[in-house]
Amino acid sequence: MRIISGTFKGRRITSPKNLPVRPTTDMSKEALFNVLNNHFNFSDLKVLDLFSGTGNISYEFGSRGAEPIVAVDGDFGCVKFIKQTATEFDFNITAIRSDVFSFLEKHNTSYDVIFADPPYGMAQKEFEKLIELIFKNDLLDSEGMLVVEHSKHTKLDHMMHFSFQKNYGGSVFSFYEYT
């Protein structure tokens, strides 16, 4: 994986092979950040990265000046790798090992951008629960944006606050906003 833009543009990051992840492709990530770039100034953007895996999305936000960034994943190896990489690049990323749903139930901080990349095989009802929890618990700032990455087989455009979606190959980004 590589960082596409910002302070560390072009830097490659190699994650351990044994992590249980499916990182967002560079092509999809570049397209996602083109959309976000039209909505936000990245400086001092508070970001929550759910199911963060390798931290790929967190590093991209960090390279563009967003901070603070909270990355949540249930895998010890993923969280360890994110902490090491954040230290190496001096990113303001707090990596938390937790079940994402448990984290969302207990957390009370709001964010400008929340990005969620659950396993594509996660049940439809779980995707819906994820979105509902974020809005029910007021975790998204009133001017913020929630982005959920999912497969083209998962349909989320019926959910409250749905704004638009973008398709990139087999991946779909669904965007949610209050307005």
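Author: Strand 1 and strand 2 run parallel and are joined by four bridges. Two strands count as paired if DSSP finds at least two bridges between them. Strands (E, at least two residues) and helices (H or I, at least four) are DSSP runs, numbered from the N terminus. The model is predicted, so local features need pLDDT of at least 70 and side-chain atom pairs count only at pLDDT 80 or more, while totals for chains, interfaces and linings use all residues. Residues are numbered from 1 along each chain as its sequence is written, and side-chain values use heavy atoms, with hydrogens and water left out.

Within the pairing of these two strands, Leu48 has Val70 of strand 2 as its bridge partner. Leu48 and Leu50 point one way from strand 1, Val47 and Asp49 point the other way, and all are buried. Buried means under 20% relative accessible area, exposed means over 50%, and partly exposed lies in between, with a 1.4 Å probe and protein chains only. In a regular strand the side chains alternate between the two faces of the sheet.

The open sheet has seven strands in the order 3-2-1-4-5-7-6, with mixed pairing. Strand 3 (93–97) and strand 6 (162–168) stand at the edges with a single partner strand each, so one side of each has no neighbour in the sheet. On average, neighbouring strands of this sheet are turned by 15° against each other, direction ignored. Angles run from 0 to 180 degrees between N-to-C directions, and axes are lines fitted to C-alpha atoms, for helices over the stretch in contact.

Helix 2 (residues 56–63) packs on the sheet, where it touches strand 1 (47–50), strand 2 (69–73), strand 3 and strand 4 (111–116), and its direction makes about 175° with that of strand 2. Contact means heavy atoms within 4.5 Å. Ser58 lies in helix 2 and is buried, with a relative accessible area of 0%. Leaving out residues up to four places away in sequence, Ser58 touches Asp49, Ile69, Ala71 and Ile93.

The loop between strand 1 and helix 2 holds Thr54. Its relative accessibility is 2%, so Thr54 counts as buried. Apart from its neighbours within four places in sequence, Thr54 is in contact with Met1, Ser15, Leu19, Val21, Pro23, Tyr59, Phe81 and Ile82. Between Thr54 and Ala95 there are 11 Å in space, C-alpha to C-alpha, and the two are 41 residues apart in sequence.

Helix 5 (residues 124–136) also lies across the sheet, over strand 1, strand 4, strand 5 and strand 7, and runs at about 170° to strand 5. Strand 5 (residues 140–151) and strand 7 (residues 171–176) run antiparallel, joined by six bridges. Across this pairing, Leu146 stands opposite Tyr176, and Val148 has Ser174 as its bridge partner.

Strand 7 is antiparallel to strand 6 as well, again with six bridges, and Phe162 stands opposite Tyr176. The hairpin of strand 6 and strand 7 has two residues between the strands, and Gly169 there takes a positive phi near 65°. Six of the six residues of strand 7 are buried, so this strand is largely enclosed by the rest of the structure. On one side of strand 7 the buried residues are Ser171, Phe173 and Phe175, and on the other Val172, Ser174 and Tyr176, which leaves both faces covered.

Helix 1 is next. Asp26, Ser28, Lys29, Ala31, Leu32, Phe33, Val35 and Leu36 are buried in helix 1, and the buried residues of this helix pack against helix 2, strand 4, strand 5, strand 6 and strand 7. The end C-alpha atoms of helix 1 (residues 26–37) are 16 Å apart, which agrees with the 16 Å that its twelve residues should span at 1.5 Å a residue. The expected span is 1.5 Å times one less than the number of residues.

As for the whole, the protein has five helices and seven strands, which run α-β-α-β-α-β-α-β-α-β-β-β from the N terminus on. Of its 179 residues, 53% count as buried. Among contacts between residues at least 6 apart in sequence, 66% join residues at least 24 apart. The C-alpha atoms fill a box of roughly 40 × 35 × 35 Å, taken along the principal axes.
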